[in-house]
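Reader: I'm new to this one. Could you pick a single part and walk me through it slowly?

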Amino acid sequence: MPGIDLHAHTIYSDGTFTPAEAVALAAERGLSVLSISDHDSTEGVAEAKGAAARAGVEIVPGVELSTVHEGGPVHLLCYWPDLGDEELQGELRRLREDRWTRGQRMVEKLQGFGYPITFERVREIARGKNIGRPHIAEALVEAGVVPELKDAFSDELIGTGGRAYVEKHALASLDALALVKRAHRIAVLAHPGLRWRGEQPVPDELIERMAEAGLDGLEVDHPDHDATARVRYREMARRLGLVATGSSDCHGTRYDPVRMGSETTDPEEFARLKSRRGL
């Protein structure tokens, strides 16, 4: 059975692999399909496609949009985006620019509390590209402030609502979904049950409203979903007529072990996802 991993990150957001390295690992692990779905950026897609043509891996272009609902983060995967769509790319640029200034402000807060990190080092960790909280967390680990990345996402540091946390620009979840659907693209709600980093599960009521508004799928099989969550979300996907996807949400070596291919999408579900846009 082919391996289909529909959610992976590269150095263009908070992953540690280049797009080419991600594709090479996908091929090594027997994946036939890989989606490069960086946070708020499609910049790694072209490189991934070039590498995939040589490796025999199908690339599903994607992007993970930052959205917000009632003050909480909600992540929306957009598949097969039009890389030239000015409305979508304009929103992605705003999100990336905000990530940069937000990162600066969080570092300034941390410095004000006496923690020995610099924004210059955070930029180096991010390789001068899209900046996210994991890059700041890595700087905190390097400085000896916390032993592991997950420990940085606390009330004391950069957890949601924490002392050094800074809100980011993000569309409301339903508005982001409308943006994707105006571009006639596929939208899948990412890891709805994720509880790590101070986040709460996506409210069922919002999932139902998004399904009514054109949501195409629900990321059911995810490394941070336990067995109970998977059963619940698979039944929810069935009830709402959504495609049930599976993805590793691989961030390279940032989180151990390297997740690539650890969760996959059933080929029949992938075919349903493709059929939603006539592929």
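Author: Let's start with a term: buried means under 20% relative accessible area, exposed means over 50%, and partly exposed is in between (1.4 Å probe, protein chains only). Also, this is a predicted model, where local features need pLDDT of at least 70, side-chain atom pairs count only at pLDDT 80 or more, and totals for chains, interfaces and linings use all residues. Residues are numbered from 1 along each chain as its sequence is written, and side-chain values use heavy atoms, with hydrogens and water left out.

Arg 99 sits in helix 3, residues 86–112 (helices are DSSP runs of H or I with at least four residues, strands are runs of E with at least two, and both are numbered from the N terminus). Because its relative accessibility is 8%, Arg 99 counts as buried. What is Arg 99 in contact with, leaving aside its neighbours within four places in sequence? Contact here means heavy atoms within 4.5 Å. On that basis, Arg 99 touches His 39, Asp 40 and Ser 66, then Asn 130, Ile 131 and Gly 132, and also Lys 168.

While we're on cysteines, a disulfide is a pair of cysteine sulfur atoms within 2.5 Å. Searching the whole structure turns up zero disulfides.
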